[in-house]
Amino acid sequence: MPRYTHHFVEAQDEFMGFGWNRETNEDTVICYLQMFSDDALMQKLRHRLTDEELEEIYFLINRLLRTHLNDREYHRLFLKEPHP
């Protein structure tokens with residue numbers, strides 16, 4: 001069974017756009033991130049992204065994870081590690 005899922009984007013049939021309201025913004029960001037991380041798209045983009053763009057993506061994600069998850073959540077939700 002896969003450890004990671006992208007069910008939200010597959011089930012989302014509501015309007016996607018940014019700037020309407022908080023809920024729509026949240027849903028749109030979830031969809032964009034799930035669409036962006038699609039394997040086929042990433043295979044196409046990975047060699048086209050500059051070193052600076054790769055660094056920017058990496059550090060943005062790490063900053064958000066450190067800011068909003070505690071250590072237990074990080075290991076359980078992001079790394080998908082069983083926690084003792």
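**Start with the whole chain**

Buried residues make up 13% of the 84 residues in the protein chain. Keep in mind that this is a predicted model.

Colour by secondary structure. You will find five helices and zero strands. Read from the N terminus, the elements run α-α-α-α-α. The radius of gyration is 15 Å, well over the 12 Å that the globule rule gives for 84 residues, so the protein chain is more spread out than a compact globule.

Now show the C-alpha atoms alone. They fill a box of roughly 40 × 30 × 30 Å along the principal axes.

The protein chain exposes about 7600 Å². Carbon and sulfur atoms supply 57% of that area.

Next, turn to contacts. Take those in the protein chain with a separation of 6 or more: residues 24 or more positions apart account for 29% of them.

**Go to the largest pocket**

Rolling a probe the size of a water molecule over the atoms shows where empty space is left.

What volume does the largest pocket have? About 1300 Å³. Select Leu33, Gln34, Ile61, Leu65 and Phe78: of the 25 residues that line this pocket, these are the closest to its centre.

Which helices each supply at least two residues of the lining? Select these in turn:

- helix H2 (22-36)
- helix H3 (39-45)
- helix H4 (51-68)
- helix H5 (71-78)

Last stop: colour the lining of the largest pocket by residue type. Its residues divide into 16 nonpolar, five polar and four charged.

Note on methods:
Residues are numbered from 1 along each chain as its sequence is written. This is a predicted model: local features need pLDDT of at least 70, side-chain atom pairs count only at pLDDT 80 or more; totals for chains, interfaces and linings use all residues. Side-chain values use heavy atoms; hydrogens and water are left out. On a 1 Å grid over the protein atoms alone, a cavity is a set of points where a 1.4 Å probe fits but cannot get out, and a pocket is an open set with protein on both sides within 12 Å along at least five of seven lines; lining residues have an atom within 4 Å of a point. Grid points are joined across faces, edges and corners, and a volume is the space filled by probe spheres set on the points. Helices (H or I, at least four residues) and strands (E, at least two) are DSSP runs, numbered from the N terminus. Ala, Val, Leu, Ile, Met, Phe, Trp, Tyr, Cys and Pro count as nonpolar, Asp, Glu, Lys and Arg as charged, and the others, Gly among them, as polar. The radius of gyration is taken over C-alpha atoms; the globule rule is 2.2 Å times the number of residues to the power 0.38. Buried means under 20% relative accessible area, exposed over 50%, partly exposed in between (1.4 Å probe, protein chains only). Contact means heavy atoms within 4.5 Å. Accessible areas come from the Shrake-Rupley method with a 1.4 Å probe; for residues, only the protein chains shown count as cover.
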